[in-house]
Number of protein chains: 2
Amino acid sequence: MNVDGVPYRSIWVNGDGISVDVIDQTRLPHAFEIMNLKTLDDACVAIRDMVVRGAPLIGATAAFGFYLALRHDASDRGMQTAYDLLYATRPTAVNLRWALDRMHQTVRRLEPEERAARAYAEAGAIAALDVETNQGIGRFGLVLIESIAMKKKPGETINILTHCNAGWLATVDWGTATAPIYMAHDAGIPIHVWVDETRPRNQGASLTAWELGHHGVPHSLVVDNAGGHLMQHGLVDLCLVGSDRTTRSGDVCNKIGTYLKALAANDNDVPFYVCLPSTTIDWTISDGRAEIPIEQRDGSEVSQVIGKTSDGQIAAVAIAPDGTPVVNYAFDVTPARLISGLITESGIADANERSLGHAFPKFSARPG
Amino acid sequence: MNVDGVPYRSIWVNGDGISVDVIDQTRLPHAFEIMNLKTLDDACVAIRDMVVRGAPLIGATAAFGFYLALRHDASDRGMQTAYDLLYATRPTAVNLRWALDRMHQTVRRLEPEERAARAYAEAGAIAALDVETNQGIGRFGLVLIESIAMKKKPGETINILTHCNAGWLATVDWGTATAPIYMAHDAGIPIHVWVDETRPRNQGASLTAWELGHHGVPHSLVVDNAGGHLMQHGLVDLCLVGSDRTTRSGDVCNKIGTYLKALAANDNDVPFYVCLPSTTIDWTISDGRAEIPIEQRDGSEVSQVIGKTSDGQIAAVAIAPDGTPVVNYAFDVTPARLISGLITESGIADANERSLGHAFPKFSARPG
């Protein structure tokens, strides 16, 4: 998407045709800096230190990191080292493993001297596939937004609430929940986005607000507490959120607080849609609340807030008394009954097993 | 309540028997400091600069400020000046006006030389009345907590979720939503409190966590987003919140985000009770959503977070890109249908006009 009028992706091949550039997301939203990745080690650092984040972008970065490794050592042993080091950067990231397996499968039977070139092409294909997936989500979501626009007066603004950052910075381009937003905006439909700040890590305030602002999409930052009031007063026409994991029955595990917004949408007849690549559907589980373990993260994310001081330094400030006990759940599960629909790259499915099965017959036929 | 074992109120007469002490709440939770108020001007500054906050405490401080003024000038003109200056500190605070009117009524027919002594007694009576009211709320809430305890195994912890600071720091003592918590804790019932941080001003993280910690009540700080997940997983037995304004039909206007917690409580069969002095009931209105205008506050409360830096300084940090548009609603309305009951100093009423009318026949008989 655009950064002040210049189109960017979150990862791309440098002008030298060899190395790889990424946006340093640890510096956002207060500085926009590019980091150049030349080696396997550079790629490992970028993933581990969260220079890149978001499952699809982590996968793409790992793929390019694998390629960078093979440029220096394309032996079987070099390949295995690259796989192991990249995998160890964030072992719980499903896309990371998927991308590495795909890279490894693609090149392992080739002669070592052919491997780097093939890896370069394959990493590009992985990135392109992500862009294509998100464009698919965007196109189906756009139809939904157009249908809402048709019920309004011509030129009347459509207010969309989103939570966390399921934006282009988490993917290679377009994002998931933001893809319909960017497409509608680019198509000239008047859009305004309510951006939940998304405590504790504030990805809404820092990343989604940054993305939308630089692409030129009208938006307002609100605290996570505000969504219910907005919906009660007719100020939200549509909720669009992402998903980290979706059950075959349509339950959605997403950033903590998503469930509360779904409840408010339900209570006020606001459509609540989840945007997801079909790769996030876990066909092996059905009851999200019972079957998805919720990660607990460090309490300092809650008791401290990181931001920019008045003299431009990045600092953490404590908002609670020293030693306050903290519990920090990272995700919650929104039951399918609260979800109006699941927007995937293959179309919009109802949030239930039958509808998802029709949309993805190949996967759903697997034994549960 | 206790601060590290020493009993405190939020306002009290100094050992000199003349001046008045308050806890400087602008310094909490990072420092515990007492401010001595000797003059009308001191009291005005304390209210205006939010050294004291919370409707009941503002009322009590204004009452004592009126008394301090009369010590220096008890003439009709001095009295009027005191009234006007104190009223102007926070003109939207209902309790402020109520306390000033009561003080004025009490002393205005007396000879000037009798006024200061009478004002001293009356300010003390206003403070005592607030303590008594909260103790009433606490006693009725305690019965509720005891009834929950009886359904659990002996010794099993009762988890209570609260939002914002309806604590003793907002009142003269006990607090409203916290009164049942302190009474249950002091009675030896094992309590654990989930403290919502309460963005944007973080009164939960800063004040409620401080209160509970210093009184010794087990608690955990969570982000506002977490409550739904906690309730889905059986980790909340009871929600207790305060109210800024209550309609005669039982709708509750309270800190932004209260409505989202009520929705989650409703969805998971968790009892959701509101603790309120009957003075917050506005008998003239019935539909909270339609009739209560919601204050919008400065956007910097959202885009910046204030806390303690690693070197002990109090600083604000920006969490969003410079210039990000912000919308900042301070309150929301929880419809009566989501409320299990209203805990008042006169008993627990159902959240509807009939039940409130029975509890307070004198007021409810007023023409709507």
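In the predicted model, the applied rule finds one salt bridge across the interface of domain 1 of chain A and domain 2 of chain A. A salt bridge is formed between the side chains of Asp173(A) and Arg9(A), with an N to O distance of 3.6 Å. Polar contacts across this interface of domain 1 and domain 2 of chain A amount to seven residue pairs, with both residues of each pair at pLDDT 80 or more.

On the side of domain 1 of chain A that touches domain 2 of chain A, the elements giving two or more residues are strand E1 (2-3) and helix H2 (55-72) of chain A, and H2(A) gives the most to that side, with four residues. Classified by residue type, this side of domain 1 of chain A has 13 nonpolar residues, together with six polar and three charged ones.

The two domains in question are assigned to residues 2-128 (domain 1) and residues 137-364 (domain 2) of chain A, and their centres, taken over C-alpha atoms, are separated by 26 Å. Contact between them involves 22 residues of domain 1 of chain A and 16 residues of domain 2 of chain A. Between them, domain 1 and domain 2 of chain A bury about 1,800 Å², of which 60% lies on carbon and sulfur atoms. Within domain 1 of chain A, the residues that lose the most area to domain 2 of chain A are Asn2(A), His30(A) and Arg53(A), which together account for 30% of what that side buries.

Definitions and conventions: Residues are numbered from 1 along each chain as its sequence is written. Chains are lettered from A and ligands numbered from 1 in the order in which they are written. This is a predicted model: local features need pLDDT of at least 70, side-chain atom pairs count only at pLDDT 80 or more; totals for chains, interfaces and linings use all residues. Side-chain values use heavy atoms; hydrogens and water are left out. Domain bounds come from an automatic or database domain assignment. Contact means heavy atoms within 4.5 Å. Buried area is the accessible area (1.4 Å probe) that two parts lose on being put together, summed over both. A salt bridge is a side-chain nitrogen of Lys or Arg within 4 Å of a carboxyl oxygen of Asp or Glu. A polar contact is a pair of N or O atoms within 3.5 Å; within protein, one must be able to donate a hydrogen and the other to accept it, and residues adjacent in sequence count only if both atoms are side-chain atoms. Ala, Val, Leu, Ile, Met, Phe, Trp, Tyr, Cys and Pro count as nonpolar, Asp, Glu, Lys and Arg as charged, and the others, Gly among them, as polar.
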